[in-house]
Amino acid sequence: MAAEQRKLLEQLMGAGASSRHAQLSITDPKICRSFLVGTCPHDLFTNTKQDLGPCPKIHSEPLKTEYESSADKAKHGFEYDYMRDMQKYIDECNRRIDAAQRRLEKTPDEIRQTNDLLKQISDLSRSINTGLLEISILGESGTITTAVTEFHKINVAKAAKEEKERDLKSAMFAEHT
């Protein structure tokens with residue numbers, strides 16, 4: 001994407017803009033060596049939390065082409081520098097991932113508490129479903145008073161289930177903040 005933008009910029013600026021790059025050599029410290037070898041880390045993961053921002057060095061397509069066609073690439077040692085820089089970037093990404101995973105890990109007590117809440121919610125759901133079936137049977141048999149009592153029990157169970165679900169959501173939210 002950055003290369004495409006550079007090409008468009010070169011088209012807009014004309015040949016004069018690229019002529020200043022022509023004065024530079026592959027070994028110039030102003031040239032991005034990572035770009036010459038492969039991909040500049042600044043061009044990776046743009047618009048994400050891992051975005052490094054724009055590269056402070058020059059990305060020159062003609063110099064990249066010159067480097068790729070060069071027979072003495074090993075003389076410059078750019079590949080080694082590129083691999084070292086990319087490994088640093090990978091290590092930093094892995095460090096961030098590990099830190100995020102540590103924040104997400106639950107303690108045994110939190111796991112037990114979550115499992116207890118899930119079991120209670122499951123039990124209340126089964127109780128509600130059984131009660132609804134029982135009300136249906138009681139209504140068909142004509143024992144309305146017993147059906148109304150059972151309906152009241154179901155409403156109490158529904159309220160308890162909703163409370164347990166809120167507790168579960170608050171426990172899950174508290175773990176991630």
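A salt bridge is taken here as a side-chain nitrogen of Lys or Arg lying within 4 Å of a carboxyl oxygen of Asp or Glu. The structure is a predicted model, in which local features need pLDDT of at least 70 and side-chain atom pairs count only at pLDDT 80 or more, whereas totals for chains, interfaces and linings use all residues. Residues are numbered from 1 along each chain as its sequence is written, and side-chain values use heavy atoms, with hydrogens and water left out.

The structure holds 10 salt bridges. One of them joins the side chains of Lys119 and Asp123, with an N to O distance of 3.1 Å, and both residues lie in helix H7, 4 residues apart, or about one turn of the helix; helices are DSSP runs of H or I with at least four residues, numbered from the N terminus. Lys119 counts as exposed at 53% relative accessibility, while Asp123 is partly exposed, with a relative accessible area of 30% (buried means under 20% relative accessible area, exposed over 50% and partly exposed in between, with a 1.4 Å probe and protein chains only). Asp123 also forms a salt bridge with Arg126, where the closest N and O atoms are 3.3 Å apart, and these two residues, 3 apart in helix H7, are again separated by about one helical turn.

Helix H7 itself covers residues 108-141, and its 34 residues reach 49 Å from the first C-alpha to the last, close to the 50 Å expected at 1.5 Å a residue, the expected span being 1.5 Å times one less than the number of residues. The buried residues of H7 include Leu117, Ile121, Leu124 and Ile128. The helix is followed by Gly142, whose phi is positive, near 95°.

In helix H6 (residues 78-104), Glu92 and Arg95 lie 3 residues apart, and their side chains meet in a salt bridge at 2.6 Å, N to O. Both are partly exposed, Glu92 with a relative accessible area of 29% and Arg95 with one of 47%.

With a disulfide defined as a pair of cysteine sulfur atoms within 2.5 Å, the count comes to 0 disulfides. Cys32 is in no disulfide, the nearest cysteine sulfur, that of Cys40, being 3.6 Å away; Cys32 counts as buried at 5% relative accessibility.
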